[in-house]
Amino acid sequence: MVHRVGALRVGAQAGTYLDDTYLKQVDTRVIAVGERDGTPWAAVEHCLFHPQGGGQPADRGWLEDTEIIPARARESGVVVAMEPEGGSLLPLAEGQKVRARIDLRTRTAHAALHTAGHLVEAVGRMQGWEMAASNHFPGQARIEFQAPQPDARLADPEGREEVTAVLRAAAAAAVADDLPVFARCLADGRRVVHLGALHAAPCGGTHVRSLGDLAEVVLPTLKVRKGRIRVSCTATHRSR
């Protein structure tokens with residue numbers, strides 16, 4: 001099979017990081033090597049690394065014992081392992097067998113925040129709001145909404161706290177119900193993540209197995225800025 005990224009030979013990857021959030025390592029093989037802006041990279045067949053994108057930070061990962069930075073190739077969208085600044089990617093060749101692994105604690109922390117973001121979107125939509133933006137980075141996680149119709153509850157601090165309490169209660173109920181979290185691919189190739197029957201949205205991020213995996217879900221009182229409703233959140237992954 002011929003593989004290409006731009007003018008270089010590369011190939012289609014198995015999206016392992018989307019297939020199993022909790023897979024810590026995999027034995028695979030190199031399908032391409034090259035340089036981007038003078039920085040060495042390698043692509044592997046079974047890709048374990050989630051690159052930064054969709055509001056989610058990149059995984060921390062390694063090829064063999066060398067730490068790498070996951071990145072998405074500009075030309076093709078293929079995920080590659082980049083040499084980190086000041087680091088040294090081992091000399092690799094196409095066809096070479098390698099072990100890829102990730103920091104599972106970092107992965108599950110990111111997955112918990114991303115899933116919590118979908119949950120916030122779900123309970124916000126229950127208020128009749130429409131999502132306008134999202135961020136799932138630690139310390140910055142939030143969903144921003146727009147209200148098609150004026151919402152009088154947002155006009156003063158007491159009202160904003162009242163509606164935030166409604167959001168908190170709805171989110172807590174969904175977590176208590178331990179709704180399953182799963183992905184399905186549509187005929188057009190889009191990947192849609194579901195929170196049981198509560199919510200579904202196109203997404204290329206990593207997620208927990210079910211909402212019961214979320215712990216310490218906190219929604220501070222929402223804010224309204226320039227016509228947008230900003231609902232921040234924090235969450236961790238529950239130890240089971």
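**Exercise 1.** Find the residue just after α3 that takes a positive phi.

*Solution.* Just after α3, D178 has a positive phi of about 55 degrees. Helices here are DSSP runs of H or I with at least four residues, strands are runs of E with at least two, and both are numbered from the N terminus. Residue numbers start from 1 along each chain as its sequence is written. The model is predicted, so local features need pLDDT of at least 70 and side-chain atom pairs count only at pLDDT 80 or more, while totals for chains, interfaces and linings use all residues, and side-chain values use heavy atoms, leaving out hydrogens and water.

**Exercise 2.** Describe helix α3, from its span to its surroundings.

*Solution.* 
- Step 1: α3 covers residues 157-176, 20 residues in total. From first C-alpha to last it reaches 28 Å, close to the 28 Å expected at 1.5 Å a residue (1.5 Å times one less than the number of residues).
- Step 2: look at the start of α3, where a side-chain oxygen of D156 comes to within 3.2 Å of the backbone nitrogen of E158.
- Step 3: list the buried residues (under 20% relative accessible area; exposed is over 50%, partly exposed in between, with a 1.4 Å probe and protein chains only). In α3 they are G159, V163, T164, L167, A171, A174 and V175.
- Step 4: seen down the axis of α3, these buried residues fall within an arc of 150 degrees, so they line one face of the helix. The arc is taken from the directions from the helix axis to the C-beta atoms. On the other side, E158 and A176 are exposed.
- Step 5: the buried residues of α3 pack against α2 (104-125), β12 (214-218) and β14 (228-232); contact means heavy atoms within 4.5 Å.

**Exercise 3.** In which order do the 3 strands of the open sheet lie?

*Solution.* 
- Step 1: the order is β9-β10-β11, with antiparallel pairing (two strands pair if DSSP finds at least two bridges between them).
- Step 2: β9 (181-185) and β11 (199-202) are the edge strands, each pairing on one side only.
- Step 3: β9 and β10 (residues 191-195) pair over 5 bridges, and V181 stands opposite L195 in β10.

**Exercise 4.** Is E130 buried, partly exposed or exposed?

*Solution.* 
- Step 1: locate E130 in strand β7 (residues 130-135).
- Step 2: its relative accessible area is 43%, so E130 is partly exposed.
- Step 3: leaving aside residues up to four places away in sequence, E130 touches R125, E144, F145, Q146 and P148.

Conventions: Polar contact = N/O pair within 3.5 Å; in protein donor to acceptor, adjacent residues only side chain to side chain.
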